[in-house]
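Here is a short briefing for a reader new to this structure. Take a look at the fold, then read on by topic.

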Amino acid sequence: MKQRRSAILEYLSTHGQATVQELCDLFDVSMVTMRQDLSFLEKEGYLHRTHGGATLLELENISHRLSINHEKKVEIARMAASLVEDGETVLLESGSANALLARELSGRRVQMAVANLFVARQVKHGDLARVVVIGGVYQPDSESLVGAMARQNIATTFFTKAFVGVDGFTVQTGFTNRDMERAEIAANIVKRCPRTFIVADSSKFGTTGMARICGVDDVAGVITDRGLPEAMVGVVRASKAELYLA
């Protein structure tokens with residue numbers, strides 16, 4: 001994605017909405033160019049076009065969260081994709097980094113089991129990747145699939161690696177999620193797959209969600225960006241998990 005388009009997303013993640021003229025003035029481009037940028041970003045599922053401008057979605061919507069720290073998340077997704085071999089079956093839980101990971105893997109001969117419909121939709125008609133959706137109770141805001149059916153399907157699905165998104169991590173709490181039902185699904189994935197990787201940008205470290213998923217020693221690796229505070233770098237490197245800095 002062009003650097004300007006990423007910068008537009010970062011601006012909207014801070015301000016929520018903006019007019020086309022406001023964005024033209026900010027980025028010193030023509031109305032035609034800006035409308036092309038906004039149309040591209042809308043088509044990719046990052047924002048909604050409005051009359052004379054653009055707006056992001058609600059906080060819990062992945063389309064909104066994709067815009068926050070977007071470039072860092074792209075690099076995290078690329079790092080995660082580099083750990084996947086052609087022919088593998090991998091499980092992607094939820095979160096904006098996993099949505100970008102699905103896009104990275106969509107052109108490769110891999111099979112993805114996914115627990116989120118937004119993540120599933122990143123694979124388009126004609127892509128090489130195959131998607132298997134884990135069933136369950138649908139959460140409209142996050143588009144995650146949770147509940148007993150999701151847990152049962154995860155228990156009977158075979159995958160070689162799993163990638164889990166989180167909302168927070170501290171030494172005291174471990175990895176956490178704001179939503180208890182999603183945290184339960186993520187915890188089941190970690191227990192099911194010894195090669196589970198956490199995918200999260202560095203802003204998640206030092207914050208705490210409502211429900212615990214697992215500890216850092218429970219996962220094979222942590223994939224994040226180089227903005228990770230040095231103290232957290234030490235915590236992860238002192239654990240059993242491998243640290244990957246994108």
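**A strand at the centre of the briefing**

Strand 9 is largely enclosed by the rest of the structure, because 5 of its 5 residues are buried. The model is a predicted one. Both faces of strand 9 are covered. Lys-161, Phe-163 and Gly-165 are buried on one side. Ala-162 and Val-164 are buried on the other. In a regular strand, side chains alternate between the two faces of the sheet.

- Backbone hydrogen bonds pair the strands of a sheet, either parallel or antiparallel.

**Partners of strand 9**

- Strand 9 (residues 161–165) pairs with strand 4 (residues 89–92) in the parallel sense, over 3 bridges.
- Within strand 9, Ala-162 stands opposite Leu-91.
- Strand 9 and strand 12 run parallel and are joined by 4 bridges.
- Phe-163 has Phe-197 as its bridge partner in strand 12.

**Aromatic residues**

- Phe-163 and Phe-197 also belong to one aromatic cluster with Tyr-244.
- Searching the whole structure gives 5 aromatic pairs.
- One of these pairs is formed by Phe-169 and Phe-175, and it is tilted. The centres lie 4.6 Å apart, with 40° between the planes.
- Phe-169 and Phe-175 are both buried.
- The distance of the centres and the angle of the planes describe a pair of aromatic rings.

**Helix 1 against helix 3**

- The axes of helix 1 (residues 3–15) and helix 3 (residues 31–43) come within 11 Å. They cross at roughly 75°.
- Helix 1 is therefore roughly perpendicular to helix 3.
- From helix 1, the contact takes in Arg-4, Arg-5, Ile-8 and Leu-9.
- From helix 3, these residues meet Thr-33, Met-34, Gln-36, Asp-37, Leu-38, Phe-40 and Leu-41.
- By class, the contact of helix 1 with helix 3 has 6 nonpolar, 2 polar and 3 charged residues.

**Val-233 in helix 10**

- Helix 10 (residues 230–237) contains Val-233.
- Val-233 has 6% relative accessibility, so it counts as buried. The cut-off for buried is under 20%.
- Leaving aside residues up to four places away in sequence, Val-233 touches Leu-228 and Leu-243.
- Val-233 and Val-90 are 143 residues apart along the chain, and their C-alpha atoms are separated by 26 Å.

Technical notes: Residues are numbered from 1 along each chain as its sequence is written. This is a predicted model: local features need pLDDT of at least 70, side-chain atom pairs count only at pLDDT 80 or more; totals for chains, interfaces and linings use all residues. Side-chain values use heavy atoms; hydrogens and water are left out. Two strands pair if DSSP finds at least two bridges between them. Helices (H or I, at least four residues) and strands (E, at least two) are DSSP runs, numbered from the N terminus. Axes are lines fitted to C-alpha atoms, for helices over the stretch in contact, and angles run from 0 to 180 degrees between N-to-C directions. Angles under 35 degrees count as roughly parallel, over 145 as roughly antiparallel, 65 to 115 as roughly perpendicular and the rest as oblique. Contact means heavy atoms within 4.5 Å. Ala, Val, Leu, Ile, Met, Phe, Trp, Tyr, Cys and Pro count as nonpolar, Asp, Glu, Lys and Arg as charged, and the others, Gly among them, as polar. Rings of Phe, Tyr and Trp (its six-membered ring) pair if their centres lie within 6.5 Å; planes under 30 degrees apart count as stacked, over 60 as edge-to-face and the rest as tilted. Buried means under 20% relative accessible area, exposed over 50%, partly exposed in between (1.4 Å probe, protein chains only).
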